[in-house]
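This report goes through a two-chain model, element by element. Please look over the sequence and the structure before reading on.

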Amino acid sequence: MSAPLSGDLAQIGKSVVIKGELSGSEDLYVDGQVEGSISLKGNSLTVGPNGQVKASVEAKGVVVQGKLEGNVQASDRVELRKSAVVTGDIATQRISIEEGAYLKGKVDIQGKADKAAGK
Amino acid sequence: MASVSQNFMKLFRGSSSGSQTAATSSSQKLTRRSSGLGELTRLWESDAQLCVLDLGSTSAANIRYFTERGHRIYSEDLLVASTEPGLVTKDEEGKVILDSRKFLADNLVYPAAHFDVVLCWNLPDYLDESLVRPVMGRLWSVLKPQGMLLAFFHTKDAGPDSPCYRFHIVEKDVLEMQKIVLKRESRRGPTGAIHTAISDGFRLQRVFNNRHIETLFRDFASIKFFLARDNVREVLVVR
C-alpha cells in the first residue's frame, strides 16, 4: 500500500528510524520506526503497514495500519485498519476498528464537552 | 507432546454435533441468546459509569456498545497474548509450560478493584493449562467487590475441534459469534501441540465440569450457571 500523496504530507519511509519528539503542522505518514512522542495537534498521523511507532501521540486524526505502542489522544477520530496492532489507551471522539485489528488498552470516547473540560 | 490438557480432553472427547458442527464455517456468523449477558444488562442500563474489561478478540461492536452508553471499556485479547513465544519455559519436571509470572507481568496489569465487569467469554476453555488459574486469580483482584465476571464453558458434548469464537454484543441478551481464524503462522502458539496445533484457530484445551468451575472460582462470593442448548454453560460469578 502506498502512502497518500498530498502537498501537506510529510513522510517517514520504512528505512527511517527516529528517536525523539516529533511535532508539526502538517499531516504525517510514518512507515518507518519512531520512538518518543508525536504531536500534530491540528493534523493527522497515519502509521503505514510497515510503521512501528512507540510514542505517545497527540493529533487530530490517527489512522493505524501497522504497530503503535503508546497512548493516543485524537481530537477527531481514530481508525484502526485490519492490520493494526495497538497497545495503549485511546481517547478520541470517534473510533472505527476494522475486523482483525488488535487493541490492548482502554477506549475513551470523549465528547466535545469532555475535551473542553479537560477530562 | 502429550500434555495434561490433552489427556484431560481424552476423558471428555465427544463428537461435534448439532449447532456446533454448523458453526464451523469460517465466514459464518451465528447469533445466540445469552442469559448471562441478559443478567448484566441491568448494569449497563444503570446511570453509573462502569469500567468493563473485554478479554475477547478486539470487537468494534463491543466498544461501540459500551461507549455509546457512557461506560469505559478496556480491550485485551489474552488468547493472542498467550501465543507470545517468550512465554515458553519448563517446569521442574522438564515439561514445557507457559511462564505465568511473565504472562501476568505483561498482561492484565491494572490497579486492584478496577473493573465492574469482566467479559471472559470462552477464554478458560482455550487458554493454556498453565495460565488458567493464575489468570483467574488476577481477574479476581482487578474486579471490584461485587464486580461480575461472565464466562462460557463447553459441556462434555463438545469435541476438541469446537471452534473458538469471538463475541460481539448485538442486543442486550444477543451475541453474534464469529469463528476466530488466526492470521499469522506465528500465532499457532509457543508450545505448538499444546495450544494451537491446528493451523487456523485456537483449540479447545479441556472441558470443565461443574465442580471444576466451582473450584476455579472458589475465591468469588457467588456463582450462577446458565445451561444453553449449544453445548455451552454460561457462568456469572460475583466477587
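## A hairpin in chain B

Strands β10 (residues 222-227) and β11 (residues 232-238) of chain B run antiparallel and are joined by six bridges. Two strands count as paired if DSSP finds at least two bridges between them. Helices (H or I, at least four residues) and strands (E, at least two) are DSSP runs, numbered from the N terminus. Across this pair, L227(B) stands opposite R233(B) in β11(B). The hairpin of β10(B) and β11(B) has four residues between the strands, and N231(B) takes a positive phi near 60° there.

## Basis of the model

The model is predicted; local features need pLDDT of at least 70 and side-chain atom pairs count only at pLDDT 80 or more, while totals for chains, interfaces and linings use all residues. Residues are numbered from 1 along each chain as its sequence is written, and chains are lettered from A and ligands numbered from 1 in the order in which they are written.

## The two chains

Chain B has ten helices and eleven strands. Of its 239 residues, 42% are buried. A residue is buried if 20 or more other C-beta atoms lie within 10 Å of its own, exposed if 12 or fewer, and partly exposed in between, with C-beta atoms placed from the backbone. Among contacts in chain B between residues at least 6 apart in sequence, 71% join residues at least 24 apart. A contact requires the C-beta atoms of two residues, placed from the backbone, to lie within 7 Å.

Chain A has one helix and eleven strands. Read from the N terminus, its elements run β-β-β-β-β-β-β-β-β-β-β-α. Buried residues account for 36% of the 119 residues in chain A. For contacts in chain A between residues at least 6 apart in sequence, 4% join residues at least 24 apart.

## A three-stranded sheet

Chain B contains an open sheet of three strands in the order β1-β9-β8, with antiparallel pairing. At its edges stand β1 (29-33) and β8 (165-171) of chain B; each has a single partner strand, so one side of each is left without a neighbour in the sheet. Neighbouring strands of this sheet are turned by 30° against each other on average, direction ignored. For such angles, axes are lines fitted to C-alpha atoms, for helices over the stretch in contact, and angles run from 0 to 180 degrees between N-to-C directions.

β8(B) and β9 (residues 174-179) of chain B pair in the antiparallel sense over six bridges. Within this pairing, H168(B) has E176(B) in β9(B) as its bridge partner. Strands of a sheet pair through backbone hydrogen bonds, either parallel or antiparallel.

## Two helices of chain B

In helix α3 (residues 35-44) of chain B, the residues G36(B), L37(B) and L40(B) are buried. Seen down the axis of α3(B), the buried residues fall within an arc of 85°, so they line one face of the helix. The arc is that of the directions from the helix axis to the C-beta atoms. The cover over the buried residues of α3(B) includes β6 (115-121), β7 (143-154), β8, β9, β10 and β11 of chain B.

Helix α8 (residues 129-142) of chain B has 14 residues, which at 1.5 Å a residue should span 20 Å; its end C-alpha atoms are 21 Å apart, which agrees. The expected span is 1.5 Å times one less than the number of residues. The buried residues of α8(B) are S130(B), L131(B), V132(B), V135(B), M136(B), L139(B) and V142(B).

Most residues other than glycine have a negative phi. A113(B) has a positive phi, near 55°, and lies in the loop between α6 (100-106) and β6 of chain B. A113(B) counts as partly exposed because it has 14 C-beta neighbours inside 10 Å.

The phi of W121(B) is also positive, near 50°. W121(B) lies in strand β6 of chain B and, with 25 C-beta neighbours inside 10 Å, counts as buried.

## Where the chains touch

The contact takes twelve residues from chain B and 13 residues from chain A. On the side of chain B that touches chain A, α4 (60-68) and β3 (72-75) of chain B are the elements that give two or more residues. The largest share of that side, four residues, comes from β3(B). The residues of this side of chain B divide into five nonpolar, three polar and four charged. Here Ala, Val, Leu, Ile, Met, Phe, Trp, Tyr, Cys and Pro count as nonpolar, Asp, Glu, Lys and Arg as charged, and the others, Gly among them, as polar.

Strand pairing also crosses between the chains: β11 (residues 102-109) of chain A and β3(B) run antiparallel and are joined by three bridges. In this pairing V107(A) stands opposite I73(B) in β3(B).
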